[in-house]
Amino acid sequence: MNNEKHVIPILALIFGILAMVAWCIPCFGYPVAITAFVLGIIGLKKNGRGLAIAGLVMGIVSFVLSLINSIAGVLINLAAM
C-alpha cells in the first residue's frame, strides 16, 4: 500500500523527463510540461517529495523552453517574410 503514494511523484518525474525532450516541438512540449507541473504539485503532498520537486522543476523549465521556442519560431518566420 505504501507504493501507491509514490506513483504520482514518479509520474511527475517521468513527464518531466519527457518534457525535457518534447520542448523542441511546442505542440508536444506544452501539454507534457503542464502535466509534469501539475503532477509535481500534487506529488508534493505525497511521500516522494524529491521526485515531485524534480518533475516540477523540469516541467517549469520545459514550459519556458517551449515558450522561447515558439517565440523564436514566430520571429524567424516574420523575418523571412
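Guide: Helices here are DSSP runs of H or I with at least four residues, numbered from the N terminus. Ser62 lies in one of them, helix H3. The model is predicted, so local features need pLDDT of at least 70 and side-chain atom pairs pLDDT 80 or more, while totals for chains, interfaces and linings use all residues. Residues are numbered from 1 along each chain as its sequence is written, and side-chain values use heavy atoms, without hydrogens and water.

Ser62 has a relative accessibility of 0% and therefore counts as buried (under 20% relative accessible area; exposed is over 50%, partly exposed in between; 1.4 Å probe, protein chains only). Setting aside residues up to four places away in sequence, Ser62 touches Gly16, Ala19, Met20, Trp23 and Ala33 (contact is heavy atoms within 4.5 Å).

Ser66 is also placed in helix H3. With a relative accessible area of 0%, Ser66 is buried. Its contacts, apart from neighbours within four places in sequence, are Trp23, Pro26, Gly29 and Tyr30.

Helix H1 covers residues 7-22 and helix H3 covers residues 49-80; their axes come within 7 Å and cross at roughly 25 degrees (axes are fitted to C-alpha atoms over the stretch in contact, and angles run from 0 to 180 degrees between N-to-C directions). H1 and H3 are therefore roughly parallel (under 35 degrees; over 145 is roughly antiparallel, 65 to 115 roughly perpendicular, the rest oblique). Their crossing is left-handed (the near helix is turned anticlockwise from the far one by less than a right angle). On the H1 side this contact uses Pro9, Ile10, Ala12, Leu13, Gly16, Ile17, Ala19 and Met20, and on the H3 side residues including Gly55, Met58, Val61 and Ser62. The residues of the H1 contact with H3 divide into 12 nonpolar, 3 polar and no charged (Ala, Val, Leu, Ile, Met, Phe, Trp, Tyr, Cys and Pro are nonpolar, Asp, Glu, Lys and Arg charged, the others polar, Gly among them).

On the H2 side, the axes of H2 and H3 come within 7 Å and cross at roughly 155 degrees, and H2 and H3 are therefore roughly antiparallel. The crossing of H2 with H3 is left-handed. Among the H2 residues in this contact are Pro26, Gly29, Tyr30 and Ala33, and among those of H3 are Ser62, Phe63 and Ser66. By class, the contact of H2 with H3 holds 12 nonpolar, 9 polar and no charged residues.

The remaining pair is H1 with helix H2 (residues 26-43), which pack at an angle of about 155 degrees with axes 8 Å apart. H1 and H2 are therefore roughly antiparallel, and their crossing is left-handed. Gly16 and Ala19 are among the H1 residues that meet H2 here, and Gly29 and Ala33 are among their H2 counterparts. The H1 contact with H2 has 14 nonpolar, 5 polar and no charged residues.

Elsewhere in helix H3 is Arg49, which is partly exposed at a relative accessible area of 48%. The side chain of Arg49 reaches the backbone oxygen of Leu44 at 3.1 Å.

Note on methods
Helices (H or I, at least four residues) and strands (E, at least two) are DSSP runs, numbered from the N terminus. A polar contact is a pair of N or O atoms within 3.5 Å; within protein, one must be able to donate a hydrogen and the other to accept it, and residues adjacent in sequence count only if both atoms are side-chain atoms.
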